[in-house]
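Please look through the structure below before reading on.

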Amino acid sequence: MLFNSFEFICIFFPLVTGLYFLLPQRWRWLLLLVASCWFYMTFVPVYILILAFTIGVDYFAGIWIEQSEGRRRKLLLTASILANVGVLAFFKYFNFLNESIAEVVRGLGFHYGVPDLGIILPIGLSFHTFQSLSYTIEVYRKHQAAERRLGIFALYVMFYPQLVAGPIERPGNLLNQINSTTPGTGMRAKFDYGRVVEGLRQMLWGFFKKVVIADRCAVVVDQVYGAPEHYGALSIALATYLFAVQIYCDFSGYTDIALGAARVMGFNLMVNFRTPYLSKNISEFWGRWHISLSSWFRDYLYIPLGGNRVVKWRWYYNLMIVFLVSGLWHGADWTYVIWGGLHGGYLILALVFAPLMLRFTKGIGLDRLPSLKKWLNIFITVQLVSFAWIFFRANSIHDANTLVHRLFYTPWALDDLRMLLADLPRSMLDLTVLLTLVFMVIDPLFDAWAKREKPVPQGLLGPAIYAALLVGILLFGYFGSTSFIYFQF
Amino acid sequence: MGVRWGRVLLFASCVLGMYAFAMFGLSHAKLESRALIFRTGDYYNWPGGDSWTRFHEFDRAKRYDAIIIGSSHAYRGYDPEVFAAHGHHVYNLGSSAQSPLNTFHLIKNYVDSAHCPLLIFDVFEGTFQNTGLESCADLTQNITSGAAALGMAWDLRELRGLNMMALRWCTPGRRPYYESAYPVRNGFVAVPDSVDKPIKPLKNTKLDLLDRQKVFFKACVDLCRERGIPLVVVQHQARQGTNRVRHEAFAAYIRSALAGTDIPFLDFAFAPGLNDLDHFADHNHLNAAGARIFTGQLVDSLESLGYMNQSR
């Protein structure tokens, strides 16, 4: 069930939320668990068994780890990690590994007979696997008590608003809210008009980003990225910038709907995006983009590898490993590995050349113009991130090569846009670009309102603004059964 | 509590007012002689063409010997002149991409047993595989019945349906923007084109009939039975390259849906008499020559089954 479907908006969400507040608090966990199972089973019902396996393994692992000490404790954690990663590896990476090995073996002139198993990736597998893993690791580190009630633990892994595309929660936040004993918080929240309105506003902003911006941009992006050999530099650049906006609106739109739906019920999920395209460097970008994943990698991979408290070459190695794994986490394809590698490379180069850049900016007097320096840094960061998106979005390595080659070796001619307009209605392209520009201007403000960092205008203005947003969705939304990009991860 | 409901009401009024204002403005303000609303989405249709003529010429008070309904297969494949030659007066309410969802609302609002002693429902698998959006875009702007338009827009269960209806309400008394490319006779459109060279066979995609369209097909059947309208389900000839296995699967579904009723399914898909080059206008539509032959075969079949004999 998609968040932007009739079934979710008109039936599932109002029904589950209504029952949530009507039921006695001690039964709410059961309602949410059943609703979450139903939500997940509307995609591919049988894949609930994979979730059940993950939940079962980590539930018992958590209890046993808590009861053990020393080597046995470590062994149990290793077993839990292997079981989780094993499921992920089989469903997500088997086909990829099989194809990659087959290519090498056939390239060497040998016969390769392992068949493609035709595995369909369960929706959101990477998200709930990482969420479940964070629980066993936190129990192992003695930061979290093991959960004794299977249903409550299952709800922690399956909580429907963030089940299929995050944010990847930590037990310290979500599990504690499910187990809340403080009246008025988490599972013990009462119906609060103000909080419900805040949640609905955030959901509305999420829908706007998804339906009005992301899905419109997708039409242009799909056209160009579907046949890159037909287009020149200008179309490819336009499509790439639009993809940068599309993926941000698609994913952060989903997150806003998830956070809003959870907030209506009294849960505070972690913030996942902070206007990332206003970052002044790549390091800052990763502090603002998919924060729940980057902090997961920081806590459970980068720091255990030694982080930056090691010699320089090892520090750079750690960074590169984290980003290559992050690339693979996103998708089982070399394009994602290159995307991750590019980001790792950007960070390492920034560290290597930092002293030189400092001297350079001082030398040309840019330090005396902080505002110009800031916007210049933002501009450069957006270019680097957008370039990397080419690999993320390209359908294959071959397509990515074609896109990069044509981006740099074909002339920037307006004729190229005419070619694009031959395939798309002019009004479609005009409106997409116009709405995207409007969005970029209003996003920081609406984002701050959604996160309650700035107060929404009082009186008539507040409702009027959100009414206009809803009317904008109704009139300018690009409707259809378009899925969310991050569901595939 | 009262203040809160007041706020909810205020918000709802704001949304309604802004929506009505914006929709009215966009459907009347023009850029390069085209209403701005048509630039905001690809699902708004211009009123006009054969659908406009068909539904505006249809006389609901008149008694016909039969009404034909269905997709473009219906309005391009069932020639009223052939019926007339056999002494039957028929009208064609077929329209582009008309799916069972759309057909249901047309039957509900345009067909009753007093004026239609026989309903001929052309079925084609493609119409069971789409949501009905395309037909809704066409019919909401072109049909005379507001109730039928509203019914199908509502049953789409998505916001595009609401927008299409809002456009209809914002432009009352609108005139057709364009004429049909071919003359419309009793709803029928004869296409003279022929296929002058073999067409590549269509890709054999999986037959994936939408559950929702199956529900509406069943609803059409039930509605006809409830209203006492005799119904015949028909499929006209398909080109030789058509996937027979796929067709058989579709035909089996239709037969199963009609099981337990006395409604016949006349499956002409691979009936002899037509050839791909001379009798088809494209992949799956009959041309004028094909329609004449097929309609002759259909009338013979109907008469042999005892239908339409009373009108002669």
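This is a predicted model: local features need pLDDT of at least 70, side-chain atom pairs count only at pLDDT 80 or more; totals for chains, interfaces and linings use all residues.

Residues are numbered from 1 along each chain as its sequence is written, chains are lettered from A and ligands numbered from 1 in the order in which they are written, and side-chain values use heavy atoms, with hydrogens and water left out.

Start on the surface of chain A. A nonpolar patch there consists of A:Leu349, A:Val352, A:Phe353, A:Leu356, A:Met357, A:Phe360 and A:Ile364, which together have about 680 Å² of accessible area. Patches are made of residues with over 30% relative accessible area and no salt bridge, where like charges are joined within 9 Å and nonpolar side chains (Val, Leu, Ile, Met, Phe, Trp, Tyr) within 5 Å. Accessible areas come from the Shrake-Rupley method with a 1.4 Å probe, and for residues only the protein chains shown count as cover. At least two residues of the patch come from each of helix 13 (334–352) and helix 14 (354–363) of chain A; helices (H or I, at least four residues) and strands (E, at least two) are DSSP runs, numbered from the N terminus. Helix 14 of chain A gives the largest share, three residues. A:Val352 belongs to helix 13 of chain A and is partly exposed because its relative accessibility is 41%. Buried means under 20% relative accessible area, exposed over 50%, and partly exposed in between (1.4 Å probe, protein chains only).

Next come the spaces. On a 1 Å grid over the protein atoms alone, a cavity is a set of points where a 1.4 Å probe fits but cannot get out; a pocket is an open set with protein on both sides within 12 Å along at least five of seven lines, and lining residues have an atom within 4 Å of a point. Grid points are joined across faces, edges and corners, and a volume is the space filled by probe spheres set on the points.

The second largest pocket holds about 1,200 Å³ of space. It is lined by 41 residues, and those closest to its centre are A:Asn281, A:Ile282, A:Ser283, A:Leu347 and A:Ala350. Among the helices of chain A that each supply at least two lining residues are helix 13 and helix 14. By class, the lining of this pocket has 25 nonpolar, twelve polar and four charged residues. Here Ala, Val, Leu, Ile, Met, Phe, Trp, Tyr, Cys and Pro count as nonpolar, Asp, Glu, Lys and Arg as charged, and the others, Gly among them, as polar.

How many cavities of 30 Å³ or more does the structure hold? There are two. The largest cavity has a volume of about 50 Å³, and its lining includes A:Lys209, A:Asp256, A:Asp447 and A:Lys451. Helix 9 (residues 233–264) of chain A gives the most to this lining, four residues. The second largest cavity has about 40 Å³ of space, and residues lining it include A:Arg216, A:Tyr478, B:Asp42 and B:Arg160.

Two residues of the largest cavity's lining, A:Asp447 and A:Lys451, also form a salt bridge, at 2.5 Å from N to O. A salt bridge is a side-chain nitrogen of Lys or Arg within 4 Å of a carboxyl oxygen of Asp or Glu. A:Asp447 is buried because its relative accessible area is 6%, and A:Lys451 is buried at 14%.

Over all chains, 28 salt bridges are found. In one of them, the closest N and O atoms of A:Arg274 and A:Glu453 are 2.7 Å apart. A:Arg274 lies in the loop between helix 9 and helix 10 of chain A and A:Glu453 in the loop between helix 18 (426–450) and helix 19 (461–476), so the pair ties together parts that are 179 residues apart in sequence. A:Arg274 is partly exposed, at 36%, and so is A:Glu453, at 47%.

Two backbone angles remain. A:Thr275, in the loop between helix 9 and helix 10 of chain A, has a positive phi of about 30° although it is not a glycine. B:Asn186 also has a positive phi, near 50°, and is a residue other than glycine. B:Asn186 sits in the loop between strand 6 and strand 7 (188–189) of chain B.
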